[in-house]
Amino acid sequence: MMAKSKEKSSHYFSAAQTLSVLQKISAALVSDLDFESMTQRVVDTMVKDLQYLGGILFLVNKKKNEVRAYTTSSTKVINAIVKALPSSFRDHYTKLQDPKDNVARTVKYNKVYIGNRLSDFISPAVDANMADWIQRFARVKSTITIPVRGKQEIIGALLLNTERDEFSDEEITILQAFANQVGVAIENARFYQQINNFNTELKQKVSEATAQIQRQYQDLLVLRKITDIITSTLDLQKVCQEIVNSVTTRLNFVAGFISLIDAETYQLYPTAISETAGMDKVRNLLGDFRKLRLAVDDKRSKLSQAVSNMEVYTTDNLTEVLSPPLNPRIAQRIQKMNKIAGVIVLPIMAQGRALGALTIGLDKPAEEIMKQEKETLITLANEAGLAIDNALLFERTQQFNVQLKDEVSRATKELRDANAKLKKLDKAKSEFISIASHQLRTPLSTIKGYLSMILAGDYGMVTDSVGKVLGRVYNSNERLVTLVNNMLNVSRIESGRITMQPKPFQIENTIEDVMGELAPEAKARRVDLIFKKPTWQPKKVIGDKRLLHEVLVNLVDNSIKYTPHGTVKVTLHRHFGQLEVRVKDDGVGMTKDDQSRLFKKFSRGRDAYRHYTGGSGLGLYVVRRLVEMNGGTIQGSSPGRGKGSTFKFTIPYA
Amino acid sequence: MPEKIRIFLVEDDQDLQEMYETKFTMEGFEVVKAENGAAALNKITGDKPDIILLDIVMPEIDGFQVLKDIKANPDTKEIPVILLTNLGQDGDIKKGMELGAVDYLIKANFTPNEVVEKVKKALGNTEEK
């Protein structure tokens with residue numbers, strides 16, 4: 001029931017009053033006050049300065065589609081209303097769906113409502129009789145509700161009570177203007193509040209995020225430090241110990257231990273336990289913990305499961321991790337001793353296969369592990385995997401090295417032993433030859449000496465027939481002497497014991513020496529021994545003079561022996577950049593057979609009958625070796641039996 | 001009558017000793033014999049020889065040691081020594097020459113006559129000194 005306003009206003013605001021209120025309200029609206037204080041000031045100003053009995057500001061809750069009293073003036077009538085309400089005035093609301101009072105109607109229909117009955121406005125929230133009573137008590141004559149408009153919708157209502165009979169049009173217009181201002185301001189204030197809230201929320205989120213990043217950074221630093229330490233050593237035990245120590249001292253967990261897989265038995269065994277007071281007690285309790293073994297495929301333990309499935313496992317019961325192999329009661333004791341509330345087992349892996357596990361005891365249940373803590377631990381387990389893998393590889397390499405060293409040692413020893421044996425053998429051989437030749441030569445010298453003296457007549461006259469026979473005996477003996485000398489020389493040449501000392505010299509001098517030495521024998525055998533010097537001046541040759549002397553003696557002596565009556569001629573020639581010495585005789589010559597066997601070891605041919613005139617005696621084999629060692633070549637040829645022989649050998653020029 | 005040349009023969013083989021003694025006596029030398037190194041060193045201080053024929057392989061003290069002692073003794077070091085032996089390895093010859101022998105003869109390679117020639121040659125060299 002809307003009361004019509006009278007044309008003539010019964011109340012009017014002076015221009016000054018209006019301006020003043022406007023100013024105060026403006027001031028309140030733009031002040032720094034919080035929302036509540038601001039609306040309170042607005043309502044108080046309007047009621048007081050415009051002389052109303054009371055005022056209530058109602059605000060719409062859009063979500064719940066209801067309107068509630070928000071701010072009240074603390075005047076008599078309002079206080080009474082408030083007191084009359086069963087609970088705090090803000091608890092009361094009126095539904096907009098089916099408006100039961102004028103406040104709701106004002107909001108819903110966007111209309112000003114004026115009335116004389118207070119109960120039209122505040123009931124059923126307030127008991128109607130009570131409303132009437134309050135009206136009488138406070139002398140409320142008229143009540144008005146004005147919609148408070150925001151930019152796009154009604155956001156509330158303003159209720160004012162007056163003792164006057166009615167509200168003038170002017171008054172209503174002005175009140176409407178005020179109400180609109182308030183509406184805008186409230187909307188602004190709400191918007192501002194939203195922004196503030198949003199800002200606060202944002203700040204909090206940023207602060208939380210920053211805190212989290214800081215924590216992550218701290219964790220990363222710690223991880224970095226741990227990684228530095230565990231990768232600074234290749235000693236497996238040190239790596240494991242460092243990891244478990246870091247878990248307690250740097251990451252602040254309660255305790256930790258590492259178990260690794262023993263490849264041969266496919267069992268897990270603990271390698272390192274963190275060094276805290278609590279764990280020291282555990283160490284004492286368990287004794288040599290490294291002896292404990294847990295099969296990797298044992299399904300009863302979360303520790304072995306973590307390893308075989310390569311997954312992280314958590315539990316709050318340490319027994320599930322330690323038993324087997326420990327007695328469950330001992331596991332419980334350990335848990336109590338260290339005040340462990342939760343356990344996490346992380347597999348340690350490298351190159352896709354499991355190496356073992358890192359088990360960590362926590363001071364809180366496993367489910368309270370923060371995501372970040374878990375990530376840190378997983379990273380640690382990965383680093384551990386790398387470091388342990390490296391350490392294992394290093395261990396294996398070292399073992400391999402040791403094995404290698406052993407083998408090399410053994411091989412070297414074997415070689416040294418073999419060498420020593422060889423040396424011994426060589427020494428034994430040379431000793432044998434020395435002794436053998438000495439032992440053989442002694443009787444040979446006796447025979448040779450006496451026979452020569454007998455044949456020379458030193459022991460009296462010898463008949464021709466006896467002499468002849470003794471001569472044969474003598475020759476036979478000489479063969480033995482030659483044989484012994486030959487054997488010695490072959491042995492010397494074979495074992496490299498003949499040392500050559502090549503020097504430049506004139507070969508003609510050596511040849512002349514040899515001629516001189518063999519002259520008596522040649523004379524005795526009626527052989528002409530001739531050295532025909534060349535017309536050109538031979539250049540110096542290089543070689544071991546002593547040995548080449550022997551070579552010449554051998555060849556010339558041979559020729560003399562094999563030339564019953566005739567000539568032995570020595571000549572010099574130039575041959576392919578070397579000097580050639582030729583010894584030619586017109587003696588018994590050689591068959592093709594003889595020629596083919598000439599310079600071989602122990603040949604019986606030409607030098608079967610050698611007589612020594614100094615030096616050690618050489619066979620043609622040794623002669624050949626000496627010529628060749630000197631850098632030359634040797635040849636022997638004959639047209640045939642009875643047609644003489646020619647031996648030639650070369651010597652390099654100096 | 002020119003004084004006989006005294007030759008000191010150190011040889012442990014009885015047959016060879018007698019053989020060389022006979023030959024050298026026939027050639028007009030005065031022969032002093034010794035059968036081993038110790039005897040040799042003893043006798044040498046008595047009447048000094050003009051030349052020594054020294055075997056190497058002997059019991060107890062070998063010829064090299066005797067040669068060393070002869071050369072170490074100022075009374076005897078000037079006496080020419082010919083090593084007369086059946087040991088003939090390069091090392092032995094080298095050692096003998098280095099110890100101061102004037103010649104090294106392998107018994108099996110030389111008749112007693114040839115040994116006499118060698119002795120005379122060595123004495124000739126000594127005289128020329």
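Where in chain A is the place of P325(A)? Select P325(A), and you will find it in the loop between α11 and α12 of chain A, where helices (H or I, at least four residues) and strands (E, at least two) are DSSP runs, numbered from the N terminus.

Before going further, note that this is a predicted model, in which local features need pLDDT of at least 70 and side-chain atom pairs count only at pLDDT 80 or more, whereas totals for chains, interfaces and linings use all residues. Residues are numbered from 1 along each chain as its sequence is written, and chains are lettered from A and ligands numbered from 1 in the order in which they are written.

**Backbone details**

Stay in the loop between α11 (319-322) and α12 (328-338) of chain A, which also holds P324(A). The peptide bond from S323(A) to P324(A) is cis, with omega near 0°, and the bond from P324(A) to P325(A) is cis as well, with omega near 5°. Most residues other than glycine have a negative phi, and most peptide bonds are trans.

Select R139(A) next, in the loop between α6 (128-138) and β5 (142-149) of chain A; this residue is not a glycine, yet its phi is positive, at about 60°. R139(A) has 12 other C-beta atoms within 10 Å and is therefore exposed; a residue is buried if 20 or more other C-beta atoms lie within 10 Å of its own, exposed if 12 or fewer, and partly exposed in between, with C-beta atoms placed from the backbone.

In chain B, select E60(B), which is found in the loop between β3 (51-54) and α3. Its phi is near 60°, a positive value in a residue other than glycine, and E60(B) is exposed, with 9 other C-beta atoms within 10 Å.

**Helix packing in chain B**

Now select helix α2 (residues 37-44) and helix α3 (residues 63-72) of chain B, which pack at an angle of about 20° with their axes 10 Å apart; axes are lines fitted to C-alpha atoms, for helices over the stretch in contact, and angles run from 0 to 180 degrees between N-to-C directions. The helices α2(B) and α3(B) are therefore roughly parallel to each other, given that angles under 35 degrees count as roughly parallel, over 145 as roughly antiparallel, 65 to 115 as roughly perpendicular and the rest as oblique. To see the contact, display G37(B), A40(B), L41(B) and I44(B) of α2(B) together with Q65(B), V66(B), D69(B) and I70(B) of α3(B); two residues are in contact if their C-beta atoms, placed from the backbone, lie within 7 Å.

With the whole of chain B in view, you can trace five helices and five strands, which follow the pattern β-α-β-α-β-α-β-α-β-α along the sequence. Buried residues make up 38% of the 129 residues in this chain.

**Helix packing in chain A**

Return to chain A and select helix α9 (residues 277-286) with α12(A), which pack at an angle of about 155° with their axes 9 Å apart. These two helices are therefore roughly antiparallel to each other. At their contact, G278(A), M279(A), K281(A), V282(A) and L285(A) in α9(A) meet I330(A), I334(A), M337(A) and N338(A) in α12(A).

**The nonpolar cores**

Which residues have the most contacts inside the largest nonpolar core? Select I243(A), V345(A), L358(A) and A384(A), which have that place in a core of 50 residues, a nonpolar core being a set of buried Ala, Val, Leu, Ile, Met, Phe, Trp, Tyr and Cys residues joined through C-beta atoms within 7 Å. Helix α13 (residues 371-455) of chain A gives the most to this core, with seven residues. Apart from it lies another core, of 49 residues, among them L118(A), V126(A), A157(A) and A185(A).

**Where the chains meet**

Finally, display both chains together: 23 residues of chain A are in contact with 19 residues of chain B. On the side of chain A that touches chain B, the elements giving two or more residues are α13 and α14 (464-494) of chain A, and α13(A) gives the most, with 13 residues.
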